[in-house]
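The following paragraphs are meant to be read alongside the sequence and the model. They proceed chain by chain.

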Amino acid sequence: MNLRDAKTIRWWAIIPFLLFAYLCVILYLNLKSDNDPKSVPSPFLGKSIPTFVTTDLLTGAAFDSASLKGEPYILNVWGSWCPECAREHPVLNQYAATPSAIAIIGLDHKEVDPNDGKVWLSRLGNPYRFVPVDPDGRIGIDLGVYGAPESYFVDAEGIVRYKHIGALSLATINQKVAELNREK
Amino acid sequence: MMPELGQVCLLLALLLAGITSIVPMIGSYTENRRMMQVASFGISGQFVFTGFAFVLLTYAFLVQDFSVLNVANNSNSELPIGYRFSAVWGSHEGSLMLWAFVHTIWGLALALFSASLPDKLRARVLSVMSMIGFGFLSFMIFTSNPFDRMVPPNLDGNDLNPLLQDFGLIIHPPMLYMGYVGSAVPFAFAIAALLENRVDQSWVRYCRPWTNIAWAFLTVGIALGSWWAYYELGWGGWWFWDPVENASFLPWLVGAALIHAQAVTEKRGTFRGWTLLLSIAMFSLSLLGTFLVRSGVITSVHSFASDPERGLFILVFLGIVTGGALLLFALRGSRVRVLSSAGLMSRETLLLVNNILLISSCALVMIGTLFPLLAEALNLGKYSVGAPWFGKMFALFSIPLLLLVPLGAFCRWNQDQLGRVLTQLLPAAGLAVFATGFTWLMAREMPIRVVLGLLVAFWVIAGTCAFLWRRWKVASGKRYTLEMLGMASAHLGLGLWLAGVVLVEGLSVERDVRLTPGEQVEVGPYTVKMLGVAHRSGANFEADRGRFEIYRGTELITELNPEKRKYRRGEVMTEADIRPHIFGDVYVALGEPLDDKGEAWGVRAYHKPFIRLIWLGALLMAFGGVLAAAERRLRTPVLTQQEKLSQDSGKNSGQIPGAPSGSDSNSGVPALNATLNSPGNA
Amino acid sequence: MNEARKKRIALVCLLLLGVGSATALALVGAREQLNVFLSPSDIAAGKAVNVHRVRLGGLVKEGSVWRDPSSVAVRFKVTDRNQCVTVNFDKILPDLFREGDSVIASGFMQADGSLKAYEILAKHDENYMPPEVAETMAKAKAIAAQAKLDHTQDCAP
């Protein structure tokens with residue numbers, strides 16, 4: 001039947017589309033809230049990052065996170081057990097090689113055997129200025145880490161400006177670092 | 001080198017998909033036959049290249065090429081060879097590869113079996129299929145490439161998640177994807193119909209077998225998933241109303257409604273706009289399910305490692321596909337009559353109620369699944385909807401639906417009397433009451449809700465048998481068409497499924513106890529006696545293996561050996577052992593050692609009466625779908641002379657199923673005046 | 001009023017009635033079935049007063065796990081390093097349940113402030129923590145930091 005022949009009301013036909021559009025909005029909001037710096041579940045956003053004391057994976061020296069105050073940095077949470085971290089790592093290497101790069105601190109999270117971490121870094125490259133260890137995950141818990149890779153963008157006063165969940169892209173790093181520098 | 005070849009194949013497939021999306025579509029508007037014929041070539045080419053890429057990925061897993069990131073993340077040198085296959089689709093990237101490959105299989109099937117379709121329709125359908133393929137291939141190539149290399153390569157892999165190292169998971173995803181992706185076919189048909197501005201009997205006649213088969217695959221896929229969860233997860237449950245499970249259930253419900261709506265449209269010419277809408281909905285829900293599982297908005301035991309960027313891609317894809325389709329529907333699809341001229345008591349009405357109930361329960365499951373998201377987006381708090389709510393609400397909608405099932409086959413088209421229909425079903429009702437009473441007498445301790453549930457189940461079964469019986473006695477010539485047999489099989493399956501659900505939910509016995517060697521526990525009619533727990537080593541795990549004897553009274557039935565495995569990768573898995581039986585499974589799983597000597601263990605023992613009926617019922621439903629798809633009449637989309645005549649006469653002579661005409665398709669289609677030759681189409 | 005009109009009205013009425021009653025039933029049922037996620041600090045602050053079903057998230061307090069010697073019943077405390085809640089559970093614990101690791105207990109609050117759990121979920125992966133628990137922990141830390149409390153102020157096992 002040629003659909004043009006029938007004469008009927010047409011207004012109800014837009015309803016499915018409207019309902020669907022509403023659904024998309026809800027889903028999008030949910031998706032965004034995972035990444036939106038204003039609504040990321042980190043309760044430390046806009047507040048000082050919790051300090052911690054541990055040792056460095058590669059040098060064995062003591063590491064106090066309070067010593068980082070005075071310059072902006074990226075705190076990257078990783079582990080040799082984490083496949084997405086391997087996917088992200090070349091991006092970090094690439095960023096660290098740029099001349100104006102800020103420091104990246106690599107928190108070795110839940111690493112059962114520190115040797116695994118060392119081997120992983122020697123194979124994939126080391127973009128980190130320091131590699132504090134967090135073998136039992138206690139530091140991660142304090143920070144609100146739920147997995148890896150996760151990264152915190154901290155400004156010179158030690159305030160957390162942005163928390164990124166999942167692998168970083170070069171674009172995101174550049175954008176967020178630019179924001180950090182502007183805050184100064 | 002091979003993985004790079006795989007990349008090239010994917011890119012070629014993408015290119016072909018792009019070409020096939022555009023050229024035949026243009027050709028259908030400019031009436032250019034050559035351009036339209038590109039469709040077959042393009043679709044076949046997509047199949048070849050995507051298939052080859054799939055083979056190359058499988059090859060990488062088989063030879064354990066750990067330089068490929070995907071293989072490194074999901075396989076291991078100790079992984080047994082069978083699981084290297086399922087590891088191919090065990091990850092997000094791999095499952096997308098499977099999705100894309102299955103999509104090209106359906107495309108190829110369409111191209112091969114659509115010779116009787118008019119050129120324009122065919123070109124547009126294949127073009128829409130290619131558009132979908134293009135979207136998915138882009139998603140895969142640009143955000144989730146399975147052929148990404150790992151530099152420098154790993155010496156060994158991370159191993160496949162032990163939860164996935166299982167036979168069930170070798171076949172569950174392919175079956176499920178055949179169903180999910182198969183719903184793209186009626187979707188493509190719907191879009192083509194909307195573009196052409198014509199929805200007629202031959203269009204839906206062509207659509208029906210594809211829809212039935214896709215739905216049958218989906219049924220099998222879901223049933224396999226349920227069965228797998230039952231024996232693998234160690235909790236004895238067969239359905240958890242988990243968001244990912246719900247995501248597969250939504251297209252199934254819509255598919256069931258669609259099958260019935262298509263039947264009405266094909267035979268009576270009504271429900272056309274509704275059938276179009278359902279075709280769009282079924283595939284959209286498949287896509288929505290894909291989004292939910294991969295984007296991270298819903299945390300579930302099932303979901304893949306989430307990535308909001310990927311989630312955004314799928315959401316945009318979903319928005320374009322479904323949004324576009326619904327906009328098209330708003331612009332074109334509304335020009336159809338809303339109500340048919342059928343009477344209040346008629347087969348049309350019954351099937352309308354069927355659709356309303358199915359769609360309502362679908363909406364219900366969707367709301368329950370998405371409510372936590374809504375609450376979070378509106379900052380109302382972190383809520384979750386518990387399984388009991390789903391169960392209760394779903395039962396609320398299912399009971400009326402099931403009560404009406406036997407009536408459909410006995411009710412005439414267009415106008416009938418309730419009294420007449422019910423009179424014919426009186427013997428079936430009596431049989432159902434008798435069977436229920438008998439069962440209750442055998443097991444007095446059954447709770448009342450089990451008895452009532454069984455009554456409904458017996459009613460569905462008896463009513464379907466009554467139909468078969470009546471056809472046998474009254475029809476001359478061809479007694480049963482494949483379509484009727486398909487319906488009977490599916491409805492019988494439904495009854496069995498309900499019986500299984502009601503019995504297992506109402507009568508199962510679960511005991512979590514502390515046992516030492518020599519001690520025993522009673523579960524239903526069985527006694528589970530613990531002998532001890534010993535250590536054993538497996539291919540890629542270490543295990544504690546329990547030995548339990550199962551008695552019925554004093555008779556030893558069998559010995560069960562549940563295990564607690566610790567995989568090299570780190571995970572701990574509970575491998576339950578089950579003694580399967582149609583009347584009830586005995587299910588034993590190890591908890592954990594409760595003392596330092598490792599002698600006392602926490603043990604889970606279950607008796608699950610008639611749980612196998614659930615999956616048996618599902619298989620019968622799927623079988624019914626396949627039977628109905630094979631119906632001969634549906635393979636001749638062009639109207640026969642007889643049908644044209646009855647159409648012109650405009651008579652509304654609905655046929656009683658038992659009447660001696662022998663065929664159910666003579667159903668005079670009043671408001672439908674389409675043949676393929678009418679002019680003035682877009 | 002002609003037949004078609006009557007039928008249309010009947011159908012619409014039926015639909016409205018159906019949708020209305022279904023919605024009503026759904027909402028009534030939902031209130032009982034909705035689980036709201038709370039942390040031990042939330043419960044200590046009184047947020048569980050009118051709530052029926054609770055999902056409690058946090059870590060298993062080290063040293064707090066007590067097992068009944070004659071059955072599989074177990075009692076333990078859930079902490080967010082700020083406050084604790086006692087949980088009772090009489091079935092077998094999930095495989096990944098460990099002291100010091102994250103856990104989500106679903107159940108009913110009892111009069112004495114403990115939770116009678118019907119379901120215990122331990123994170124299903126060695127290295128990932130459910131987001132709700134991670135947030136809970138971080139929030140509690142933030143509360144402690146604001147009150148200038150010592151980090152080790154936690155409940156006794």
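**Sheets, a helix pair and a loop**

In chain B, Asp577(B) has Val588(B), in E10(B), as its bridge partner. The model is predicted, and local features need pLDDT of at least 70, side-chain atom pairs count only at pLDDT 80 or more, while totals for chains, interfaces and linings use all residues; side-chain values use heavy atoms, with hydrogens and water left out. Residues are numbered from 1 along each chain as its sequence is written, and chains are lettered from A and ligands numbered from 1 in the order in which they are written.

Strands, like helices, are DSSP runs numbered from the N terminus, with at least two residues (E) for a strand and at least four (H or I) for a helix; two strands pair if DSSP finds at least two bridges between them. The open sheet of 4 strands in chain B has the order E2-E11-E10-E9, with antiparallel pairing. Strand E2 (509-515) and strand E9 (577-579) of chain B stand at its edges; each has a single partner strand, so one side of each lacks a neighbour in the sheet.

Chain B also holds a helix pair. The axes of helix H17 (residues 482-507) and helix H18 (residues 612-629) of chain B come within 7 Å and cross at roughly 165°, where axes are lines fitted to C-alpha atoms, for helices over the stretch in contact, and angles run from 0 to 180 degrees between N-to-C directions. H17(B) is therefore roughly antiparallel to H18(B), a term for angles over 145 degrees.

Chain A contributes an open sheet of 5 strands in the order E5-E4-E3-E6-E7, with mixed pairing. Its edge strands, strand E5 (133-134) and strand E7 (160-165) of chain A, each pair on one side only. Strand E6 (residues 150-154) of chain A pairs with E7(A) in the antiparallel sense over 5 bridges; there, Glu150(A) has Ile165(A) of E7(A) as its bridge partner. Helix H2 (residues 83-96) of chain A packs on this sheet, touching (heavy atoms within 4.5 Å) strand E3 (73-78), strand E4 (103-109) and E6 of chain A, and its direction makes about 155° with that of E3(A).

In chain C, Lys61(C) lies in the loop between strand E2 (53-60) and strand E3 (66-67). Lys61(C) counts as buried because its relative accessibility is 11%, the limit being under 20% relative accessible area (1.4 Å probe, protein chains only).

Definitions and conventions: Angles under 35 degrees count as roughly parallel, over 145 as roughly antiparallel, 65 to 115 as roughly perpendicular and the rest as oblique. Buried means under 20% relative accessible area, exposed over 50%, partly exposed in between (1.4 Å probe, protein chains only).
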